[in-house]
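Here is a set of questions and answers on one structure. Look at the sequence and the model before reading on.

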Amino acid sequence: MGHAAEPFLSIVLTGRNDGYGGDFVARLARALRFNHHQLESRAVSYEVVFVEWAPPADRPRLSELLFAVAPELERRAFAWYVVDPAYQTILSLNPRLEYLEFLAKNVGVRRARGRFVLTSNCDVYLGRRVLEAIQAGQLNPRVVYRAPRHDLKPLTTSVLDWTLLEDPKSLAGPAHVLKPPYMGSATGDFAMLDRESFHEVRGFNEVYRVARIGIDRNFLVKALSSGFTIADIGGPVYHENHEGSYRLNPRAYEGREAEAPWGDRRWHSGGVSYVNPPTWGLGLAPARSMAGGTVHLDFAWEAIPPLVDLRGVVVPAARRGGPSPGQYVRKR
Amino acid sequence: MKRLINRLLAVFGLVSARRYQAMTEQAERLKVTANEWKTRASEVATRVRELEADVKRSARLAQKSKLSVDKMRQRRQDIDKLRSRLADAERELIVAREHLMAIEVKLDILEGAANVLEIRTRSAVSQHHNQTSAPA
């Protein structure tokens, strides 16, 4: 379903073969297999835009491993980008931050071809209602669609079905509820918007490269501030719990927040907005086609935004009749 | 005959003893009644004086109340003004907090940039030092 010039849906994912959360490749293959099967059975035209961000030099690429593990996945449904590790090194403003997740997602969002772009994660399964809404195709522009996340206990099976997915016994805890106005909570797992609007707001925040936690929530502030609506799509997505997940132990770095590998969770992600440069999503990175249809984004200084761009941090705009986008939280 | 004698006595200004007795008793009764009325009149006069004092007191109170009402009206206007100023201050506070957040976020960025630049500088200097101090 991935060869349409403009598929209905682009699913943007990012990862690398670094063993994140345990057996990363198995979790990725399981989720992709399930989502691929569900979308295909509903005749949804889609592509997966996968961004392999700063892959370790001493390990095989995910693109090499995935299709060996899951040969049933249609290679043509994937647009696969490998990003030079130098970008992570140069762009990070926090030495403890090993993965600039949302910059990676921006690489995918910028290059996505779908009418709607869903940014999600590698271990997220699309729920029944979500699939129905996508299949119906009645999605509106300028609406950020959100889905609550249901956390599953770690799975052992390689193939997943609805019986297991929707069994309350599979849940690792109480289901999350989306609360207006942000409809936040695990936004990184499901944020869908029409491509044009995603380009209008220039993706996720690239100015604040000090943390990756809260960048998804900050995107919702930007969306509200830009006059977009945030809506619950009507059903959940499912996420497989794994070791190292922030969700499992959000207070692991309490009192030493600066040491957290995801950055300081207390930053004002709910209170400021941003203006990315027009080159967002490594727009000027030279692209080099490689074997297997993979595109390598080579390092180039002209693709790097300024180290510090203070004018890119702005106060969010309140809209008449809309919720106030900013709310002060004392940080220190 | 009795009537004739009474008329005759009346010519000389005299009355019969019984008549005299009756008149005297009537006069006594009238005197008592008059005293009662005097007492009542005195009481009424006292009551009138009391009521007059009450009226004066009430008038004073009314005057005081009017002043209080005026004061309250003024105070209410002051409170309305204060409320309006409070709403303005709250709005300004929200804006100030938003700017404070933006400043703190900018400081985070500056701090982060300073940290990574320090690391890069140390690394570059150390590398340079190693190269220059390496034996030929």
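This is a predicted model: local features need pLDDT of at least 70, side-chain atom pairs count only at pLDDT 80 or more; totals for chains, interfaces and linings use all residues.

Q: Is Ala54(A) buried or exposed?
A: Ala54(A) lies in the loop between strand 2 (46-53) and helix 2 (62-69) of chain A. Its phi is near 45 degrees, a positive value in a residue other than glycine. A residue is buried if 20 or more other C-beta atoms lie within 10 Å of its own. Ala54(A) has 23 C-beta neighbours inside 10 Å, so it counts as buried.

Q: How many C-beta neighbours does Leu282(A) have inside 10 Å?
A: Leu282(A) is found in the loop between strand 11 (273-274) and strand 12 (287-289) of chain A. Phi of Leu282(A) is positive, near 50 degrees, and the residue is not glycine. Leu282(A) counts as buried because its C-beta neighbours inside 10 Å number 27.

Q: What is the bridge partner of Leu152(A) in strand 10 of chain A?
A: Strand 7 of chain A and strand 10 (residues 237-240) of chain A run parallel. Four bridges join these two strands. In strand 10, the bridge partner of Leu152(A) is Glu240(A).

Q: Which residues have the most contacts inside the largest nonpolar core?
A: In soluble globular proteins, nonpolar side chains tend to be buried together. The largest nonpolar core here has 90 residues. Val117(A) touches, among others, Val12(A), Val109(A), Met192(A) and Phe198(A). The residues with the most contacts inside the core are Val83(A), Val117(A) and Leu220(A).

Q: What radius of gyration does chain B have?
A: Chain B has two helices and zero strands. Along its principal axes, its C-alpha trace spans about 185 × 25 × 20 Å. A compact globule of 136 residues would have a radius of gyration near 14 Å, but chain B has 55 Å.

Q: How far apart in space are Ala41(B) and Thr121(B), C-alpha to C-alpha?
A: Ala41(B) is in helix 2 (residues 17-133) of chain B. This alanine is exposed because it has 10 other C-beta atoms within 10 Å. Ala41(B) and Thr121(B) are 80 residues apart in sequence, and their C-alpha distance is 113 Å.

Q: How many residues of chain B are in contact with chain A?
A: Of the 136 residues of chain B, 7% count as buried. On the chain A side of the contact there are 19 residues. On the chain B side the number is 17.

Q: How many residues on the side of chain B that touches chain A are nonpolar?
A: The residues on this side divide into three kinds. Three are polar and five are charged. The nonpolar residues number nine.

Note on methods:
Residues are numbered from 1 along each chain as its sequence is written. Chains are lettered from A and ligands numbered from 1 in the order in which they are written. A nonpolar core is a set of buried Ala, Val, Leu, Ile, Met, Phe, Trp, Tyr and Cys residues joined through C-beta atoms within 7 Å. A residue is buried if 20 or more other C-beta atoms lie within 10 Å of its own, exposed if 12 or fewer, and partly exposed in between; C-beta atoms are placed from the backbone. Two residues are in contact if their C-beta atoms, placed from the backbone, lie within 7 Å. Ala, Val, Leu, Ile, Met, Phe, Trp, Tyr, Cys and Pro count as nonpolar, Asp, Glu, Lys and Arg as charged, and the others, Gly among them, as polar. The radius of gyration is taken over C-alpha atoms; the globule rule is 2.2 Å times the number of residues to the power 0.38. Two strands pair if DSSP finds at least two bridges between them. Lists of a residue's contacts leave out its neighbours within four places in sequence.
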